[in-house]
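Trainee: Could we go through this protein together, slowly, before I try the next one alone?
Mentor: Gladly, have a look at the entry first.
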Amino acid sequence: MSEAELHILRARLDGGLRNKAARGELRIGLPIGLVWSDTDPQILKHPNEAVRGVIAAIFEQFAARGSVRAVWLWLRDQGLKLPLIRSGYVAAADGIVWVDPTYHAVHNILPHPAYAGAYTFGRTGQHRYVGSDGAPRVRRKVLPRNEWEVCITDHHEGFIDWDTYLANQAR
């Protein structure tokens, strides 16, 4: 009976998390430039103006230049650095480390729906399989937008609007 009870408890806990996510109140990890409010379940832009400025500049330059590579090269030419939150490293008082921009970092910023003011949950799925050595493995897979579990547009103030986000994704 204890195995069944553990299964039921786990299912109830999982259901509670999913219900909170469906309301947009589950405090999931946010990309750099966005933070959770201390008082209520609300997402705000980062209080540091330099962080907000760099993120806004990335979206402005993508609109003007049309490619991730062009934005990355522009950041390098301007001598701009990207904010990064690293746990376990010595950082500034606000926990931000400024690093040289990489193509990968810029490419990770542009497709994130949180920058468009959307709250999302369940953007990735897990696929369990048996590896060639016979051990169980788990592979994470990015799901298409129509399969996301929760997508609440206009949930918070974003750096771009949802239509611009969709146009960027089509690009």
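Mentor: We will take the overall layout, then a helix pair, a hairpin and an aromatic pair.

Mentor: Keep in mind that this is a predicted model, in which local features need pLDDT of at least 70 and side-chain atom pairs count only at pLDDT 80 or more, while totals for chains, interfaces and linings use all residues. Residues are numbered from 1 along each chain as its sequence is written, and side-chain values use heavy atoms, with hydrogens and water left out.

Trainee: How many helices and strands does the protein have?
Mentor: There are 5 helices and 8 strands, where helices (H or I, at least four residues) and strands (E, at least two) are DSSP runs numbered from the N terminus. Their order along the sequence is α-β-β-α-α-β-β-α-β-β-β-β-α, and the C-alpha trace spans about 65 × 45 × 40 Å along its principal axes.

Trainee: At what angle do α2 and α3 pack?
Mentor: Helix α2 (residues 49–65) packs on helix α3 (residues 68–78) at about 125°, and their axes are 9 Å apart; such axes are lines fitted to C-alpha atoms, for helices over the stretch in contact, and the angles run from 0 to 180 degrees between N-to-C directions. That makes α2 oblique to α3, since angles under 35 degrees count as roughly parallel, over 145 as roughly antiparallel, 65 to 115 as roughly perpendicular and the rest as oblique.

Trainee: And which residues make the contact?
Mentor: On α2 they are Ala-57, Ile-58, Gln-61, Phe-62 and Arg-65, and on α3 they are Val-68, Ala-70, Val-71, Trp-74 and Leu-75, with contact meaning heavy atoms within 4.5 Å.

Trainee: Switching to strands, how do β6 and β7 run?
Mentor: Strand β6 (residues 124–130) and strand β7 (residues 136–142) run antiparallel, joined by 7 bridges; two strands pair if DSSP finds at least two bridges between them. They form a hairpin with 5 residues between them, and Gly-134 in the turn has a positive phi of about 90°. Val-130 stands opposite Pro-136, and Tyr-129 stands opposite Arg-137.

Trainee: Last one, how many aromatic pairs are there?
Mentor: The structure holds 5, counting rings of Phe, Tyr and Trp (its six-membered ring) whose centres lie within 6.5 Å, with planes under 30 degrees apart called stacked, over 60 edge-to-face and the rest tilted. Phe-59 and Tyr-115 form a tilted pair, 5.5 Å centre to centre with 55° between the planes.
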